[in-house]
Amino acid sequence: MKIAVVGKGGSGKTTTSAVLARTFARAGASTLALDCDSNPNLGISLGLGEAATEHLVAVRDAVDAGEQEHASSPDDLVERFGADAPDGVRLSVVTAIQNPQPGCP
Amino acid sequence: MRVAFVGKGGAGKSSLAGTFVRLLAGTGERVLALDSDPMPGLAFSLGVAQSDAGLPDDAVEAYDDEDGRTRYRLRAGLSGTDAVEQYAVRTAEGAYFLQLGKANGPTWSNTRQHFGFQRVLDDLPGDGWSIVGDLPGGTRQPFLTWGRYAQTFLVVVEPTAASLLTGRRLARLAQGAGAPRVLAVANKVREPGDVEQVAARSGLQVIGSVPFDPAQGEADRHGHALLDHDPHAVTVTAVRSLIDALRREKEPA
């Protein structure tokens with residue numbers, strides 16, 4: 001099952017995503033939570049804590065700074081840009097674009 | 001004054017910005033309100049009937065740059081100020097409202113409006129105008145791009161972990177973007193310690209504080225501007241205080 005949660009800012013996307021992810025994981029499913037927000041906060045709602053959530057952004061920033069390579073494969077993304085969250089959910093931050101040009105949604 | 005509202009999605013940027021614009025215009029200032037969020041919300045809080053107040057397609061022309069890439073500019077003879085005069089929608093208080101322009105059709109190709117809007121930002125009306133921007137939610141570089149006209153950035157922060165985290169990220173981004181003046185507005189404040197919490201955990205000076213306001217939720221539910229729904233709402237008083245506080249602070253050159 002692959003689910004994408006979308007909607008207006010503040011409507012509850014991140015909270016809904018986190019509760020879904022942990023509910024599936026508790027039911028025994030291997031669950032990958034992808035934070036595709038340019039301002040990623042899913043770690044907080046998953047219960048990962050602020051420090052670990054911030055750390056994932058720092059890893060992503062290192063790519064922008066040229067200190068880290070982009071992920072070479074989906075597995076590499078999950079490994080290097082991810083963290084283990086409660087209930088066995090694996091969280092990965094897909095993007096955190098700091099300097100998008102106009103036209104970048 | 002030239003201010004831009006930034007912050008996490010749902011923190012209350014558009015709601016506060018719209019009320020701010022109308023109150024500011026009500027004091028006799030000439031105000032231009034700029035909505036640079038591709039999902040526009042400012043129209044609701046401004047109380048204007050149209051939600052789409054963008055540049056028409058024929059205000060923007062395509063051209064090829066030296067490398068043969070397609071670029072966009074305002075059509076020949078149309079200055080940024082002209083664009084504001086011709087295409088902005090007026091609020092009841094006489095403020096001008098211009099929006100980035102919604103995507104037309106299913107393909108979300110609003111590149112033309114996007115770049116046209118950027119060209120207006122390069123050539124905004126100057127003396128005698130106050131400019132208030134409502135920026136997209138999150139941390140998409142507001143300082144160098146979307147809000148580069150602003151002298152003061154107002155980060156709307158709720159006393160929640162995610163909102164505070166966004167505030168900290170914005171404060172950090174500002175340091176790498178020429179350190180513009182960045183101040184926090186605490187929103188949806190419920191408890192006495194909330195404002196101190198916002199100051200301590202965002203690392204920003206708090207210049208305004210807005211209580212949690214059921215009237216705002218009611219207005220949103222009905223699709224009304226807060227100022228039309230309840231002109232005596234606590235938020236309105238708080239935004240008036242915010243304007244006064246900003247006027248007391250000297251803007252950086």
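Visitor: Leaving aside its neighbours within four places in sequence, which residues is Phe20(B) in contact with?

Guide: Two residues are in contact if their C-beta atoms, placed from the backbone, lie within 7 Å. Once neighbours within four places in sequence are set aside, Phe20(B) is in contact with Val132(B), Val239(B), Leu242(B) and Ile243(B). Before we go on, please note that this is a predicted model: local features need pLDDT of at least 70, side-chain atom pairs count only at pLDDT 80 or more, and totals for chains, interfaces and linings use all residues. Residues are numbered from 1 along each chain as its sequence is written, while chains are lettered from A and ligands numbered from 1 in the order in which they are written.

Visitor: Which residues have the most contacts inside the largest nonpolar core?

Guide: In soluble globular proteins, nonpolar side chains tend to be buried together. A residue is buried if 20 or more other C-beta atoms lie within 10 Å of its own, exposed if 12 or fewer, and partly exposed in between, with C-beta atoms placed from the backbone. A nonpolar core is then a set of buried Ala, Val, Leu, Ile, Met, Phe, Trp, Tyr and Cys residues joined through C-beta atoms within 7 Å. Here the largest such core has 85 residues, and Phe20(B), Val21(B), Ala33(B) and Val155(B) are those with the most contacts inside it. Its largest share, seven residues, comes from α1(B). Helices (H or I, at least four residues) and strands (E, at least two) are DSSP runs, numbered from the N terminus.

Visitor: Is Ala25(B) buried or exposed?

Guide: Ala25(B), found in helix α1 of chain B, is buried, because 23 other C-beta atoms lie within 10 Å. Apart from neighbours within four places in sequence, Ala25(B) is in contact with Val31(B), Thr91(B), Glu93(B), Gly94(B) and Ala95(B). Its C-alpha atom is 9.3 Å from that of Tyr96(B), a residue 71 positions away along the chain.

Visitor: In which order do the eight strands of the open sheet in chain B run?

Guide: Two strands pair if DSSP finds at least two bridges between them. The order in chain B is β5-β6-β2-β7-β1-β8-β9-β10, with mixed pairing. At the edges are β5 (89-90) and β10 (206-211) of chain B, each pairing on one side only.

Visitor: How does helix α1 of chain B sit on that sheet, and what angle does its direction make with that of β7(B)?

Guide: Axes are lines fitted to C-alpha atoms, for helices over the stretch in contact, and angles run from 0 to 180 degrees between N-to-C directions. Helix α1 (residues 13-26) of chain B packs on the sheet and touches β1 (2-7), β2, β7, β8 (152-157), β9 (181-189) and β10 of chain B, at about 165° to β7(B). Helix α6 (residues 161-175) of chain B lies across β1, β8 and β9 of chain B, at about 160° to β8(B).

Visitor: How many bridges join strand β2 of chain B to strand β7 of chain B?

Guide: There are six, between residues 30-35 and residues 129-134, and the two strands run parallel. One place to look is Leu34(B), whose bridge partner in β7(B) is Gly133(B). Next, β1(B) and β7(B) pair in the parallel sense over four bridges, with Phe5(B) opposite Asp134(B). On to β8(B): five bridges join this strand to β1(B), again parallel, and Ala4(B) has Phe153(B) as its bridge partner. Five of the six residues of β1(B) are buried, so this strand is largely enclosed by the rest of the structure.

Visitor: What does the secondary structure of chain A come to?

Guide: Chain A has four helices and three strands, running α-β-α-α-α-β-β from the N terminus on. The radius of gyration is taken over C-alpha atoms, and the globule rule is 2.2 Å times the number of residues to the power 0.38. For chain A the radius is 14 Å, close to the 13 Å that the rule gives for 105 residues, so chain A is as compact as a globular protein of that length. Strand β1 (residues 32-35) of chain A runs parallel to strand β3 (residues 90-93) of chain A, joined by four bridges. Strand β2 (residues 82-84) of chain A is antiparallel to β3(A), with three bridges. β2(A) and β3(A) form a hairpin with five residues between them, where Asp87(A) in the turn has a positive phi of about 65°.

Visitor: How many residues of chain A are in contact with chain B?

Guide: Nineteen residues of chain A meet 22 residues of chain B. Helix α3 (residues 50-64) of chain A gives the largest share of chain A's side, three residues.
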